Amino acid sequence: MLCPEFLRKLHSVLREPGASQPGGTFTLVTDCVRYGVSLAESIALLGSEKGGARLFAPVPVIGDSSGMGAPRVHKEFDGIQLFVGIPQRQFVQDPFSAAGHAACESSYFDRLWKNGGGQARYFIILQRK
């Protein structure tokens, strides 16, 4: 489980935002909608240990060039969006071209999900503030 302590450590290792580049990005993917909703809500409420500003911001999401449009938002908490589907490169524009992942690859989780007959996936794309 992704607890506040882990998310704060993740924040500390992501690239800091600069004048010409956004903060480092990451993508969370789950097949459990309740867990996805819980994560989105927790991330929206998560501040620094000193009670400062929120640690993460959403990555702007756009439609793709194939006409499929942007991914559908399942739930939103103070700007942090939980999307339905699988994250795709075409959902974000430069400088977020990789949407938190370097390449679209299949993981062990992907293969288990396909063999188990999973019905839906949910994702959150975030950047360091």
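Which residues touch the most other members of the largest nonpolar core? Before I answer, please keep in mind that this is a predicted model, where local features need pLDDT of at least 70, side-chain atom pairs count only at pLDDT 80 or more, and totals for chains, interfaces and linings use all residues. Residues are numbered from 1 along each chain as its sequence is written, and side-chain values use heavy atoms, with hydrogens and water left out.

A nonpolar core here is a set of buried Ala, Val, Leu, Ile, Met, Phe, Trp, Tyr and Cys residues joined through side-chain atoms within 4.5 Å, and buried means under 20% relative accessible area, with a 1.4 Å probe and protein chains only. The largest such core has 19 residues, and those touching the most other members are Phe26, Ile43, Phe56, Ile80, Ile124 and Leu126. Two or more residues come from each of helix H1 (4-13), strand E1 (25-30), helix H2 (33-45), strand E4 (80-84) and strand E5, where helices (H or I) are DSSP runs of at least four residues and strands (E) of at least two, numbered from the N terminus. Helix H2 gives the most, with 5 residues.

Let me turn to the aromatic rings, of which 2 pairs are counted, a pair being rings of Phe, Tyr or Trp (its six-membered ring) with centres within 6.5 Å. The rings of Phe26 and Phe56 have centres 5.1 Å apart and planes at 75 degrees, so this pair is edge-to-face, a label for planes over 60 degrees apart. Phe26 lies in strand E1 and Phe56 in strand E2 (residues 56-58), 30 residues apart. Phe26 is buried at 7% relative accessibility, and Phe56 is buried at 0%.

Definitions and conventions: Buried means under 20% relative accessible area, exposed over 50%, partly exposed in between (1.4 Å probe, protein chains only). Rings of Phe, Tyr and Trp (its six-membered ring) pair if their centres lie within 6.5 Å; planes under 30 degrees apart count as stacked, over 60 as edge-to-face and the rest as tilted.
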